[in-house]
Amino acid sequence: MATLNKVGIVGAGNMGAGIAQKIAQEGCEVVLTDISQDALTGAMDNINKTLQEGVKRKILKAGIEAEVRARIKTVTDLRELGECQLIIEAVFEDLSVKNELFKRLDEICPPETVFATNTSTLSVKEMAASTKRPDRVIGLHFFFPPAINRLLEVIFLEETSEEAKAVSDSLTALMGKVGIIVADAPGFAVNRFFIPWANEGVRLLDEGVGDIPSIDHTAMETFKAGMGPFLFMKATDGIPLAYHTTSILGERLNKFYAPSSGLVERFKSGEKYDIDGEPNPEMFQPVKDRMLGVIFLVTALLVDEGVATMVDTDIGAKVGLRWGSGPFEMMNRVGIDKAYSLAKAIVDRNPEIKMPANLERQYNNEEPWDIRYVSLSKKGPIGYIVIRRPEALNALNETIISQIGQCLDELESDESISTIVIGSLGKEFVAGADVGFFVQCLKDNRVEDVEAYGILGHEILSR
């Protein structure tokens with residue numbers, strides 16, 4: 001990996017300031033630029049408040065505010081970015097604005113500088129085409145709040161150079177992010193299903209299927225989420241954002257993803273949703289079925305299209321959105337028959353969207369999804385086993401142990417492999433055994449499963 005000494009951030013809004021803060025916290029110099037000096041002053045004030053709160057809660061060490069401030073240089077002149085190895089744009093979500101910015105940076109920065117966009121819905125390839133260095137333009141989609149949220153969607157293009165990939169890997173490691181590789185597709189992975197999830201919540205309200213308290217309550221209970229769609233829009237002042245992102249997805253995909261009529265009306269009126277009131281239990285089941293159906297359908301589609309893997313899609317939900325389970329885990333839990341029927345009900349209501357072939361196949365074969373939490377790759381004589389359960393600090397349960405064993409079986413049968421490296425996704429390697437697995441076994445009176453886990457674990461460790 002490349003060693004990062006100085007990173008530039010363009011845009012001093014909430015995202016740009018948060019990215020700058022986290023990079024500076026980890027010891028790297030940052031140049032934060034914006035056309036408005038007031039925006040830069042406000043960004044530094046917000047960074048200072050965030051750091052002080054971290055110190056107060058004993059999450060951060062005392063005195064870190066001064067250290068971070070000393071590493072962040074605020075400027076209004078883009079020419080100050082000339083010595084940065086990586087520049088991340090976090091400006092308004094408008095392709096022409098971003099393209100114009102990259103053209104200007106092309107003239108300022110040396111050829112080796114890597115450009116990254118924090119876009120959540122736009123095409124990285126189209127931005128790269130506006131530059132003289134398309135091999136050094138990548139997507140780095142941070143999630144709010146970027147100083148805290150550990151997920152990072154990484155978008156490489158076919159022409160992306162190995163040097164640019166190394167810079168991306170260095171930033172991911174520096175910031176302690178959980179990086180998932182996703183294709184340059186509308187909404188990438190997480191927003192591809194999160195935006196329709198929120199949009200469906202508004203449709204349910206428009207149709208009278210549920211009221212706001214019932215929709216939010218059901219969404220939070222079903223997905224073990226911290227916020228439902230309406231609370232999320234209130235907390236983030238997100239009606240303009242929801243309208244803008246659904247409009248982009250609707251244009252780039254089909255009208256299923258376009259803003260619901262109620263969202264269009266709210267955007268035009270500027271009126272916010274009133275989230276007060278008591279949930280109505282009679283509304284819970286129809287709301288639950290619709291929202292699950294949308295999630296099951298869209299996530300199966302994006303995996304079928306090669307936008308992301310099943311595991312990375314689930315990681316995006318659990319790490320980025322802080323849901324209790326990933327969509328494919330939820331499908332296995334409710335049963336593939338039920339998951340299929342809920343998704344098909346959405347297709348029947350929206351003929352412009354088709355059933356994904358992979359979900360059809362699982363349904364016809366009556367098989368659950370085979371979710372691989374442990375990946376295997378080979379490079380010359382070296383085999384790499386990577387544990388991909390970052391939301392649980394890669395804690396070892398029976399599934400993880402079993403899949404490590406399967407990887408060892410393949411590597412040990414390959415005479416060209418002389419060395420095995422075991423790694424993991426995320427900041428932590430392995431937190432140890434999954435205590436929750438033991439607790440659940442005891443609750444279910446499955447002591448024999450705990451014993452079997454211990455025996456298998458010792459066998460794997462010996463190997």
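Author: We shall discuss salt bridges, then aromatic pairs. The model is a predicted one, in which local features need pLDDT of at least 70 and side-chain atom pairs count only at pLDDT 80 or more, while totals for chains, interfaces and linings use all residues. Residues are numbered from 1 along each chain as its sequence is written, and side-chain values use heavy atoms, with hydrogens and water left out.

Reader: What is a salt bridge, and how many does the structure hold?

Author: Side chains of opposite charge can pair when their charged atoms come close. The rule asks for a side-chain nitrogen of Lys or Arg within 4 Å of a carboxyl oxygen of Asp or Glu. The structure holds 30 salt bridges. One of them joins Glu200 to Arg290, with 2.7 Å between the closest N and O atoms. This pair links distant parts of the chain, since Glu200 belongs to helix 7 and Arg290 to helix 12, 90 residues apart. Helices here are DSSP runs of H or I with at least four residues, strands are runs of E with at least two, and both are numbered from the N terminus.

Reader: Are Glu200 and Arg290 buried or exposed?

Author: Both Glu200 and Arg290 are buried. Buried means under 20% relative accessible area, exposed means over 50%, and partly exposed lies in between (1.4 Å probe, protein chains only). Glu200 and Arg290 also belong to a network of salt bridges with Arg203, Glu207 and Arg349.

Reader: Which salt bridge does Lys6 form?

Author: Lys6 pairs with Glu83, the closest N and O atoms being 3.6 Å apart. Lys6 lies in strand 1 and Glu83 in the loop between strand 3 and strand 4, so the pair ties together parts 77 residues apart in sequence. Lys6 is partly exposed, at 25% relative accessible area, whereas Glu83 is exposed, at 66%.

Reader: How many aromatic pairs are there, and by what rule?

Author: Rings of Phe, Tyr and Trp (its six-membered ring) pair if their centres lie within 6.5 Å; planes under 30 degrees apart are stacked, over 60 edge-to-face, and the rest tilted. The count comes to 15 aromatic pairs. The ring centres of Trp197 and Phe223 are 5.8 Å apart and their planes stand at 90°, so this pair is edge-to-face. Trp197 lies in helix 7 and Phe223 in helix 8, 26 residues apart. Trp197 is buried, with a relative accessible area of 1%.

Reader: Which residues form the aromatic cluster with Trp197 and Phe223?

Author: Phe193, Phe194, Phe232 and Trp323 form one aromatic cluster with Trp197 and Phe223.
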